[in-house]
Amino acid sequence: MPTHNSGIDLSALSPINLTISILTNIASSIVEHHAQNLHGTVLGKALKLAGLIEPNFDDRLKSLLRETLQAFFEAHPGYKYQEIVDFFADAVVTKALADAILESTPINHEALQARLDAYLISLPQARWQLQSARIVGEFLATYRYVRRRHFDDGQVALIDAIEANGAELQQARGLLEKLYAKVEHELSVLQRMKAHFRSVNLDDFPTATPEQVHAFYTGRYPLKWELIKADAIIKRDQEAAVLDSLNSAPTHLEFVCITGQAGDGKSSFAWEIALQTASRLGCWLLQVRSNQTPEAWEMLENAVLETGRRPLVVLVDDVFRDDSFVQALLNMRTDLPIRVIATSRLHEIPDHIRLPDFRTIQLEPPSDHEKQQVLERLRLTRLSKDQRQRLEKASNWLVLMLETTAGESLKTVIRDNVNRLKRLDEAVYHAYEYLCFAGQYDVNVPEDLLLRLDSSGRFYRLYERPAAAGLIFLETFPRWGNFLRPAHALIAETALKAYGRNPHVLFETMFAAVDGGKPANRMMLYGIMRNLIEEGAVALLEETLSRHSDHFAAMIEQGRHVEVFGVISKILKALKRLDLLKQAQQHVLESIPTNSNDWEAKFAFIRRNAPHLIPKTLIEAQQWLEVNVDATNVRASYLILLKEQDDDAQIEQALKSTTHWLRGHMDDVEVRRAYLNVVKEKGSPAQIAESLKTMPDWLDAHPDDVGVRSVFLNFVKEKGDGNQIAQAVEKARAWLESHADDADVRRTYLNLVKEKSSEEQIANAINATIAWLSNRDDDVEVRRTYLNLVKEKGSMEQIALAINATIAWLSNRDDDMEIRTNYLNLVKDRGSEEQSAVAVEITRRWWNNSTKKPLPPLLYYYGSLLFQQGAFEEALSVLAEGVDRWKSNIPMRITYAWCLYELGEVEPALEALKQAHWRAKGKMPEMRNLTLRNLGTFYLRQGDHNRAISYLRQSLDVTEDAYKHWVHLEMGKTYLAAGQPRKALDHLRMALAGLDAVNHSETIKTVNELIAQAKGAL
């Protein structure tokens, strides 16, 4: 019997000690009773779909039960005794619980009470307090509660059926048939995606042999799923933290990029993360077959929509290699539940990634712990002095494995392998050189191209030769055929140096062998050319191109639109072959695209470079869409481009045809969003009214939509009447209550509330957002929108709350710039003197410690606050940097001028105001008005009342009615100073009438004092 323990800390209940027996018994019982007999059956497919017998099902069930026990002890602190833990771990108890859960077998509480009494004997006065029936009943209730948090309603119903007896299982037949139909549909979707994606299920792969695992560690076997299944990949120290950050299913497009250099282990780490994430969440894992197929992203979007927005995890290596592939990724919808886990070398990541949820994870060098795992995996218990030194110095994962196993430098090992290959098989030796030339850039060589590199036929099926084992590997793609590759880019680069041949000769030989009519040949060549340009080998390319100009020109003419605009253009610009570039662009501009991605490429190009071709292209696109009815992305892009045109007849025809199309595609969202935007900008009053009337019903029928909902809220903001706006606000508020994870609609809702809502609706929105943000510290966009709403419409109490919350939020985020800028803006316009002083102190401290270059808006708001505090020299220094970097910002220039004035630099201040006035020409009227008003104020302070009045009158003429009171105030001051109290009184009264008693209390006080002075002077 265990010794008495009066109480235990939950943190001491390790998962192993707490649950080992109950988890093993219950999970094993489920698997034994059901899973082994389900393969290939309707029920088996349904269970797999429901996420109940996916890979790692046993782990998922254990996780569920572990969470149940944790929740159980937290809910019942009176049971926090080691004796109760031991009771749950008792084999008799776990068997009874398993039978109750699986077979609905009644529990023999008399037997369980005897087991409980045996464990409680050491607890004084506890035997009569604790009853097994109550403890077990509370546990089972907790289990069912926790289970509902892990699975949706359909899955719970299925679990209930499985855990019930046979009769109840038969009653669930309808549910199973429905799930089976869904399985068949989803399998058909997967089948269509095979050309671009590999559906990753470890059951479909063999387990790597010990020989293959050893070959992987010695650089003679590439990364394959067989190795993952064999658990051959060393677990990196970073893995646990990354997985913890990905522990919820994606609700929108997320992008996680694993970065590092060649040989750092990016792919193996990313593959493990993707597999573990998908397994834990019960998602599909799809691996992109090629990073040169932009159409894959469109297919992915369609698959998610076809499967009812099923969350996906997508794995892609070297994601930023191909420009057209990247552009298609950037054009993806952001409202679909897709998590992309990608790899990229550091230098390949574009400077500006236009993805809303993008983050990078840089792999760290191998740690001592990871190095020890390698030794254990390879059973290297004794190392030579040289091996030990190499192990300690290793900072690259692949080099670590190769040099540790070989005991020699990577260069020596590879050179010896190449020399040995020359003796074994000369044909493989020569072919391997070409593969390494391309492979150093992670570019695979099409098999048909390799065959053309040897006229004697020696390269035929050479990957089957014994000498090629561990060196040359075959990759087969359903759409493009066979490709050959070396094991790794770093090995290929090192091997190429061992050959010692002029790379110019290799490149030109491969260039001449390319079959321009085959897309795989072209894309291989373009991949090599892009890398040569990055290496600075432009002269080599120019020389090769000059000798094979006709061959390359013919190749270009056989290329698709997406190739020419996304890939070839950049290559030719770098080589300054504008003649070939013009020829290529003219060729594709004169042709009509044959697929969606080519249309997207052509739309993007003509918008930027050939706007005169837009009308003609729109007509061609309309005719193409009449045949290709379901090309939704082209139809949406067509409408977006059409919105920018002024052809009323064409717009009217397009809107009518789209209205008809949408009636037959009620579930479409992409085209509907574009259509609403066109109607908002170019639609007739009748079309606008029709959209306002019908869209609420569509949104009610599509409660999970995000994209259309956001567009419609903007639509209502601009085109709706008071009742329609009020209804849209209330519906959005109710929708957000049941969609707590949404951020996109929430931002649009807050912007609508800010512009067109009642005080009650504003208060509701602010309060709801405060609660929402309290649980979402990392969301910046909603926080920024909330601060703007509070600034424009919040009460003093709400402003104070927002300021204090933002100060707390910023205290742990020295790297943030956006929210810091919004905070300063809020304090500048609505903050008290005390809040302004605090903001200055916080920003000054951050400014002195930050290594980041502040954004110009932050410079303006910070400088303005310093000016308000009277720190004119410090403000001038801050604003001077802002003026230099943000030359078009008129308010910043004006504040800069007044800093000069306060420091006695009167003439420079006037010159700065005149410069601001000059730059305001042609800008929005309020900017011109601002400079006129400030020039008037300047001359007022200088005592030149005539000039002051002249500028202020000009300002009054261009000022909107809502802001005229500020000009009237300045004119009142001027006339009072000029000794004309009657005119001063007239302007001051008009100023007073326009001021808000809540937000301008101090100004109202000043105006009343001036009115009193004017009356006294009469």
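Two strands count as paired if DSSP finds at least two bridges between them, and the strands themselves are DSSP runs of E with at least two residues, while helices are runs of H or I with at least four, both numbered from the N terminus. With that in hand, look at Ser199, which stands opposite Leu286 in strand 3. Strand 1 and strand 3 (residues 284-288) run antiparallel to each other, joined over three bridges.

A word on what you are looking at: this is a predicted model, in which local features need pLDDT of at least 70 and side-chain atom pairs count only at pLDDT 80 or more, while totals for chains, interfaces and linings use all residues. Residues are numbered from 1 along each chain as its sequence is written, and side-chain values use heavy atoms, with hydrogens and water left out.

In total, the protein has 52 helices and nine strands.

Let us turn to the helices. Helix 24 (residues 503-513) has among its buried residues Leu506, Phe507 and Phe511. Asn889 is buried at 11% relative accessible area, and a polar atom of its side chain lies 2.7 Å from the backbone nitrogen of Met892.

Finally, the charged pairs. The whole structure holds 43 salt bridges, each a side-chain nitrogen of Lys or Arg within 4 Å of a carboxyl oxygen of Asp or Glu. In one of them, Arg522 and Glu563 bring their closest N and O atoms to 2.6 Å. This pair links distant parts of the chain, 41 residues apart, with Arg522 in helix 25 (residues 519-534) and Glu563 in helix 28 (residues 561-574). Both Arg522 and Glu563 are buried. Arg733 and Glu737 form another salt bridge, at 3.0 Å between the closest N and O atoms. These two are four residues apart in helix 37 (residues 722-737), so about one helical turn separates them. Arg733 is partly exposed at 27%, whereas Glu737 is exposed at 59% relative accessibility.

Note on methods:
Buried < 20%, exposed > 50% of the residue type's maximum accessible area, 1.4 Å probe, protein only. Polar contact = N/O pair within 3.5 Å; in protein donor to acceptor, adjacent residues only side chain to side chain.
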